[in-house]
Amino acid sequence: MSVAERETVDLATTPLRELNQRLHDLAGDAHGPRRWRITNPNGTHAVACGLDAELEVEIDGHVGYYCAGMNKTAIVRVHGNAGPGVAENMMSGRVEIDGDASQYAGATAHGGLLVVHGNTSSRCGISMKGVDICVRGDIGHLSAFMAQTGRLLVCGDAGEALGDSMYEARIYVRGEVAGLGADCIEKEMRPKHLADVAELIEQAGFDGVRPEEFRRYGSARQLYTFKIDNAGAY
Amino acid sequence: MTAWMEAALAAGWRPGEPDPALRESYLYDRTVIAEIQRAAREGIYDIRGFGAKRKLPHFDDLLFLGASMSRYPLEGYRERCDTTVTLGARFAKRPLELKIPVTIAGMSFGALSGPAKEALGRGASEVGTCTTTGDGGMTPEERGHSTQLVYQLLPSRYGMNPDDLRKADAIEVVVGQGAKPGGGGMLLGHKISDRVAKMRDLPKGIDQRSACRHPDWTGPDDLEIKIGELREITDWQKPIFVKVGAARPYYDVQLAVKAGADVVVVDGMQGGTAATQDVFIEHVGIPTLAAVRQAVDALQELDMHRTVQLVVSGGIRTGADVAKALALGADAVSIGVAAMIALGDNAPEHEQGYRKLGSAAGFYDDWQAGRDPAGISTQEPELAALFDPIAGGHRLANYLRVLTLECQTLARANGKSHVHNLDADDLVALTIEAAAMARVPLAGTDWIPGPGAF
């Protein structure tokens, strides 16, 4: 399909409700347009959230909160920055941000791939439940808080309290880590982890980074069951 | 037999009771002493289920006046007294239409067994009301057996997914619960079966901490945006409830309304829990009675009373509790602990089982432990199999019918053709505390204690 066949929606003139309804209606419609371009988002919240079809949605500009929230199967690319909670609770598909993402990027997401080419603010990957998150720049404090499963790859630095109270998620950081949260420790990079990182770099399409430059962080599993000796960690 | 015992027997004393010459301390009664001893032995706070056990001002401290010369009653059994409730007509395209003003509160699969969740759905559906999921996602049993199901969005987001969101009949954003306003949750490792673990994306057998704050919003301005996203995802079809624990209900209700809620649920401190620290249950939050009045004030001040519905929970046990909550301005009430008791929790036929656990029928509150002899608050397949979801569902339906009939009886006695026509003017208080909290006059007076009234 050529670019000319792309369905274009201008949010300066079309209400958000109309746009999202048209995108949602494609969940049960195999014949409607699959490629979409959204112009003039101007920081609108909840753009292209709740998608449930194999769509390609390009957004020209910055989006507000919860862009591509709860995404399933769709590919959403933001040519700009994203506000808080981008791709929150995503189930599958791919969400890609050319610029920076604010707080809670990929929060509680169960699957799919979130790629941020810039930096993210705090709490990136909070309570993540299976998603892969790849950040080309830095991530803020308390990222991967209570992260359950999935992988978080950070090419830059990580802020304070990385991986606090995390469970079985895997964190890979290339730069400096300002501090680890409760029960988060550095772990050995074994061959399977190098392969993990190589796969994530490949999926994200990041240039100029090599797997051996990353260090791995995960749960020490000391807080998995309550022990009074750990009371100081709570 | 000693002379003392002879005299004591004559005075009504019975063997087994403590010697009246042994004076128990009010400050250090046996419960307090036992708790100090337990804490010294175990080194960890007490986590338990149930709700607050302390004595609190409650609906029992209010009375209906009934009809008299100036108000005539409706004929019982013959003149209609409607009980229908619509929840969520403010913004949702498909509001909930309930036949009775009593709903089933959120209780998770995980805290409760699959068959117990099924029974809640069966019982509620039989009488035309809704059930609520809980922290742990939606199970097919529950969806299948509940004609109207409210899907909770909680901080943990365990099991949250857009398919279930679209399958739900309403969405409840849980900010807090009455048993622990400001607290998260904890499902202890021994209740984490393979199925529960899978639904929550966590390893089997570990303690599951549920966060106390939502992961992707903070404060009322964010909540408004979050609610906007949920409406967009579900194409503005589902009613959106906001549930708060009764901490500052006047402000919380106003903020929830401003954030765009269709329905606000206010859960008083008597509200139940499956697993919370005893210190939290007993010492945080305000009584349901006090919360209802503040919540109604908030709605009336915004001119949103009846436009945004108010659901009140926390210690609703009888049709009188239902009627009094409605008279104070609630649109519906919600039950959790009472629903579990109706299913069969704490039933005398399980006495031996409770004794083995160091408890007794009527006292069992170790819902966190997963060893429930009634098969309700457990994930052990053998225990869960002891519970019959069909019979349990019928018992719940019967109980819900009784609550409704009792509520109608009181409404007719006050001359009301719909339970929503009950009014605070129909009530008086038995205690100064209840009069001050509910802002109805002390019985036999026109005195409502409060600022400016002294």
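Reader: In what order do the strands of the open sheet of 8 strands in chain B stand?

Author: Strands of a sheet pair through backbone hydrogen bonds, either parallel or antiparallel. In this predicted model, the open sheet of chain B has the order β5-β15-β14-β12-β11-β8-β7-β6, with parallel pairing. Strands β5 (102-104) and β6 (131-132) of chain B stand at the edges and have a single partner strand each, so one side of each is left without a neighbour in the sheet.

Reader: Over how many bridges do strands β7 and β8 of chain B pair?

Author: Strand β7 (residues 149-153) and strand β8 (residues 170-174) of chain B are joined in the parallel sense over 4 bridges. Within this pair, Y151(B) has I171(B) of β8(B) as its bridge partner.

Reader: Which strands of chain B does helix α8 lie across?

Author: Helix α8 (residues 249-258) of chain B lies across β11 (240-245) and β12 (263-267), and runs at about 155 degrees to β12(B).

Reader: In chain A, do strands β9 and β11 run parallel or antiparallel?

Author: Strand β9 (residues 170-173) and strand β11 (residues 215-219) of chain A run antiparallel and are joined by 3 bridges; in this pairing, I171(A) is partnered with Y217(A). Strand β10 (residues 184-187) of chain A is also antiparallel to β11(A), through 4 bridges, and I185(A) stands opposite G218(A) there.

Reader: How many residues does the contact take from chain B and from chain A?

Author: Chain B gives 23 residues to the contact and chain A gives 36 residues. On the side of chain B, helix α7 (residues 219-233) supplies the largest share, 5 residues. The residues of that side comprise 10 nonpolar, 5 polar and 8 charged.

Notes. Residues numbered from 1 in each chain as written. Chains lettered and ligands numbered in written order. Predicted model: local features only at pLDDT ≥ 70, side-chain atom pairs only at ≥ 80, totals over all residues. Contact = placed C-beta atoms within 7 Å. Helix = DSSP H or I, 4+ residues; strand = E, 2+ residues; numbered from the N terminus. Nonpolar A, V, L, I, M, F, W, Y, C, P; charged D, E, K, R; others polar. Pairing = 2+ DSSP bridges. Axes fitted to C-alpha atoms, helices over the stretch in contact; angles between N-to-C directions.
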